[in-house]
Amino acid sequence: MTIAQELDSQQGICQDVIFPSGDLYSDEPPLESELHLRQIILLLTCLEWLWRDRNDFYAAGNLTIYYSPRQRKSEYFRGPDFFVVLGTERKTRKSWVVWEEDGKYPNVILEILSDSTANTDKDLKKKIYQDTFRTPDYFWFDPYTQEFAGFHLVDGEYQPLQPSEEGYLWSHQLGLYLGVYEDLLRFFTRDGQLVPTPEETAEQAEQKAEQAEQKAERLAAKLRELNIDPDTI
């Protein structure tokens, strides 16, 4: 099926049925594998933790985006594996309905490749995200083969992003790098620091506390060697 035929087929599905806005639930199929689910959760967790003090964005995974110009659920919809919308209210949504969100489309989209979706992600979806969504940053990643690519919208067309020395790709919209770490895609700061999960943050804090305690114990032992009671200092 060509791109044009698939777009036409979307339009032709129950065009006369108009759903009220309250019924616009996400309509996405199950994820390909547990690894796909873990990857989505990891990205969501890290970004929301990093931006925990911000209320001007919306991030979601495997959620339907409805974008019919005639405001119909039955035509023009897509479900990116992971996407971020900037400049919007941070709240729970059943789906992303463009005509109820001031016409906003995602600023960043990531598709997680699989054998059954790779061709669509690289062809049809890429064209839709470029020509209709006008999404500035588009990435795809295969957690099994480690294939990773990214694109930035320049003069209306996606241009491939060039990797850094570490192999990371820069997201202009997020102000973050994306790169593979321990076989999964992670966020990195501008200076190359891994964006941690809350659990990793807690572990780092615990390690620092332990190191500080060990340093204090070594200092106390040294003072005692000099016949100085550290408790009196």
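Visitor: Which residue stands opposite Y66 in β5?

Guide: In this predicted model, strand β2 covers residues 65-66 and pairs with β5 in the parallel sense over two bridges. Strands of a sheet pair through backbone hydrogen bonds, either parallel or antiparallel. Within β5, the residue that stands opposite Y66 is V97.

Visitor: Which strands stand at the edges of the open sheet of three strands?

Guide: The open sheet has the order β3-β2-β5, and its pairing is mixed. Two of these strands have a single partner strand each, so one side of each is left without a neighbour in the sheet, and these edge strands are β3 (77-78) and β5.

Visitor: Is R90 buried, partly exposed or exposed?

Guide: R90 lies in the loop that runs between β4 (82-86) and β5 (96-97). Buried would require a relative accessible area under 20% and exposed one over 50%. Because the relative accessibility of R90 is 28%, the residue counts as partly exposed.

Visitor: Which backbone oxygen lies 3.1 Å from a polar atom of the side chain of R90?

Guide: Leaving aside neighbours within four places in sequence, R90 is in contact with E48, W51, R52, R54, N55 and F57. One of these, F57, is 33 residues from R90 in sequence, yet the two C-alpha atoms are 5.3 Å apart in space. The backbone oxygen that lies 3.1 Å from a polar atom of the R90 side chain belongs to W51.

Visitor: What is the distance between the end C-alpha atoms of α2, and why does it agree with the number of residues?

Guide: Helix α2 (residues 34-50) has 17 residues, and at 1.5 Å a residue these should span 24 Å.

Visitor: Which strands are included in what covers the buried residues of α2?

Guide: The buried residues of α2 are H36, Q39, I40, L42, L43, L44, C46 and L47. What covers these residues includes β1 (57-61), β4, β6 (108-112), β7 (137-141), β11 (176-181) and β12 (184-188).

Visitor: Which side chain is joined to that of S171 by a polar contact of 2.8 Å?

Guide: S171 has its place in strand β10 (residues 169-171) and is buried, with a relative accessible area of 0%. Beyond its neighbours within four places in sequence, S171 is in contact with V108, D137, F139, L176 and L178. The side chain joined to that of S171 by the polar contact of 2.8 Å is that of D137.

Notes. Residues are numbered from 1 along each chain as its sequence is written. This is a predicted model: local features need pLDDT of at least 70, side-chain atom pairs count only at pLDDT 80 or more; totals for chains, interfaces and linings use all residues. Side-chain values use heavy atoms; hydrogens and water are left out. Helices (H or I, at least four residues) and strands (E, at least two) are DSSP runs, numbered from the N terminus. Buried means under 20% relative accessible area, exposed over 50%, partly exposed in between (1.4 Å probe, protein chains only). Contact means heavy atoms within 4.5 Å. A polar contact is a pair of N or O atoms within 3.5 Å; within protein, one must be able to donate a hydrogen and the other to accept it, and residues adjacent in sequence count only if both atoms are side-chain atoms. Two strands pair if DSSP finds at least two bridges between them. The expected span of a helix is 1.5 Å times one less than its number of residues.
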